[in-house]
Each structure stands twice: as C-alpha cells, then as structure tokens.
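Good morning. Please look at the structure on the screen, and I shall then describe one of its helices and the chain as a whole.

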Amino acid sequence: GAGTNNVPVARMTELGIPVFNTPGANANAVKELVLAGLLLSSRAIVGGINHMRKLGDEGLAKERVEKDKAMFGGQEIKGKTLGVVGLGHIGSATARDAHNLGMKVCGYDPMMSVKSALLLPSQTNILESMQSVFAQSDYVSLNIPYISKPPQEGGTHAIIGRDLLMTAPPNAKILNFARGELVDSEAMKAFLDANEDARYVTDFPDDLLFDHPGCIVLPHLGASTEEAEDAAATMAAKTIMRFLESGEIVNSVNFPETKLDVRGDTTLRICIVNENKSGVLANVLNCVSEANLNVLQQVNKSRSSVAYNVIDVEIDELGEGKFKSWAELQQAITMIDGVISSRFMNDVFGTGFARKDLEGEYYV
C-alpha cells in the first residue's frame, strides 16, 4: 500500500535499508469509496436502510415505505463545492470525477506535482490554504499523509482541529479516507454537536465518534478491492525486482530515486549506501582508482541523511591495481568511514552484499 506508519522508516534509513511503497496502486479504489462517502453524507441512505429493516421485522415495510420516506430527505451533490486537501494520486482522481458529476472543485496542496496538476480539471480552483478550502466548501475530502508531529512542527497529527472546523459551513460534510489521526476527535465531536446537518464520514473507527449520529463510520475499506490488492502486489514485486536485479530505486519513501541503464556482461555494478556527508564518495572513487578500474557510468543521489551511489566498472581490468580480488575491493569500500553497505552485482563475479555491523566489523 501507500502508508508506512507501521514501518520504522527512520531506523531503516539508519541501517541503510530502502523502504518501498506502492503509490497510486490503490488510488482508484480509495477514490471510489470517497465518492460513495459523498453520496452517503448527502442522502440519508444508511438511516433509510436501517429503518426499512426495522419495518420489515415488524411486518410493516410495504405499508410504511412511501409514508416514511419523508423522514430521510437529503441534498444533491451537483452544483455543490468539493474541497480536496491533498492533490496526489487519490485527490486528483477524486477532483476529476467529482467535476464530472457536476460539482465545483477547489483544492490545496503545497507539494502538488506537475503530473497531479495535469490530471485536474481545468476549472479546479487552487487555493492558498486549508482554511480557504474549508471556508469555501460544502464537502471536504482529506487526502494527505499522516505525520506524527503536531502541525506547528510541520506534522499533520490532529491537523483538522477546532480552529479549522470553525471556518467550515455549519452543514459541511468532512470525508476522511486518509488517516484517522489527522482529525482531532474532540474538536470534530464539538463541531457535530453544534451543527445538526454536519457529517463526518470515515473508514477509521474512533472511540469518541463511532456512534455519533453525525458520523458515518465504515471499516477500513479504502484499498479492499481485488483490483487494488492485485495492483499493489504487482507494483511491489516489480519494484523489488528492479532493486535486486539492477540496483535501481523507485517508489522508495526514504531513498532517492535512482535509475541507470543496465550494462553488458563485462560490467560489474557497485551499489553503495552511505551517510550523506562530504568526502565519502571521493574516498570510494579513490578505491576504484587504486583498483585501476575504468568507470563506465556513475550516478550519485541523496535524500536527507542517506546517499546512494551506483558505479559501473569494466570487469576485465581488476588485478592490475592495488586489489587482487573483488572481495578485497568490496571490503575496502565498505569499511570507508560513512559507508553503510555495498553490493557488487554481476551474474558471475563479485555478486554479494556487505556491510559494517553495529560494532563496526565487516560483515558479508
């Protein structure tokens, strides 16, 4: 899936381990559930179903079905405004389909990519803040990641709080199919208590809100479709295959995206994970130079505290320099200060993984 809240990403980065996810694989499934949430919050569908079941148990369904329908009036979504907070894979798809259903769309995303922007309807009104989205929207869909720090420190924990909800119309419908922790439950309860026509629709059950009359709470069904599960599994397998077979990194949440053309059979690929600090790459290249190896191509990428280097060298030149075997060269590179791990990749020669253990000893 897309979320990594259950993975100790910081610790994995410290150990030099890339963490991958499958962005966009479940986007259509979640988008469809958001659209269902729009309709559930607009029409008293759930209440009507429950009422008909009760009448059926009493043997009164046929007698009362027409008389009681006035109890479950609602409103149409056509012509209403949907505010989308977070315009990534899911948010942009939601905006597009809501527009096709006749809704006006506004949105906010300070990190919006060009790809996501191109997917938006041309009529989408991009606003400067979440407050502006809440103030102008009849419906708000949350599509942002959960970051455990409070908003004041750049996090998103309980970012949907009292101050933000106070800017929303009294009959606003808030849709949260992103993360339950984004919403301050106390503030949401107060908002719903004060506004009878407001609704909160989510697939993250909450002890304070799950039985509130203004809440529609589902099980966590966002990605629970056969298609989404197949798409995520396929993307995960292909992503890991690319990493294992070529050293390329895509869809990683903690390593930089790194791509290189695959060379021929006379090429050895050296993949190095290191701390992102000055001097490390120079020392690695010095080892390669001391081995008298010809570098065919190289890429160096960094992300926050970690750097990733891929170096392709010609196989037939080893032995003319300082190191008499690939194992000697790999140990020398791995033990450089700042290097975390290395992989020597070739079908025949030098294939293997090495790193320093926690005590600084060489480990293959």
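The buried residues of helix 11 pack against strand 8 (267–275), strand 9 (295–303), strand 10 (306–314), helix 12 (326–334) and strand 11 (339–345). This is a predicted model, in which local features need pLDDT of at least 70, side-chain atom pairs count only at pLDDT 80 or more, and totals for chains, interfaces and linings use all residues. Residues are numbered from 1 along each chain as its sequence is written, and side-chain values use heavy atoms, leaving out hydrogens and water.

Helices (H or I, at least four residues) and strands (E, at least two) are DSSP runs, numbered from the N terminus. Buried means under 20% relative accessible area, with a 1.4 Å probe and protein chains only.

Which residues of helix 11 are buried? In this helix, residues 280–290, they are Val 280, Val 284, Cys 287 and Val 288. They lie on the same side of helix 11, because they cover an arc of only 100 degrees around the axis; the arc is that of the directions from the helix axis to the C-beta atoms. After helix 11 comes Asn 292, with a positive phi near 60 degrees.

Let us turn to the whole chain. It has 12 helices and 13 strands, and 45% of its 364 residues are buried. Among contacts (heavy atoms within 4.5 Å) between residues at least 6 apart in sequence, 62% join residues at least 24 apart. Finally, the C-alpha atoms fill a box of roughly 95 × 40 × 40 Å, taken along the principal axes.

Note on methods: Buried means under 20% relative accessible area, exposed over 50%, partly exposed in between (1.4 Å probe, protein chains only).
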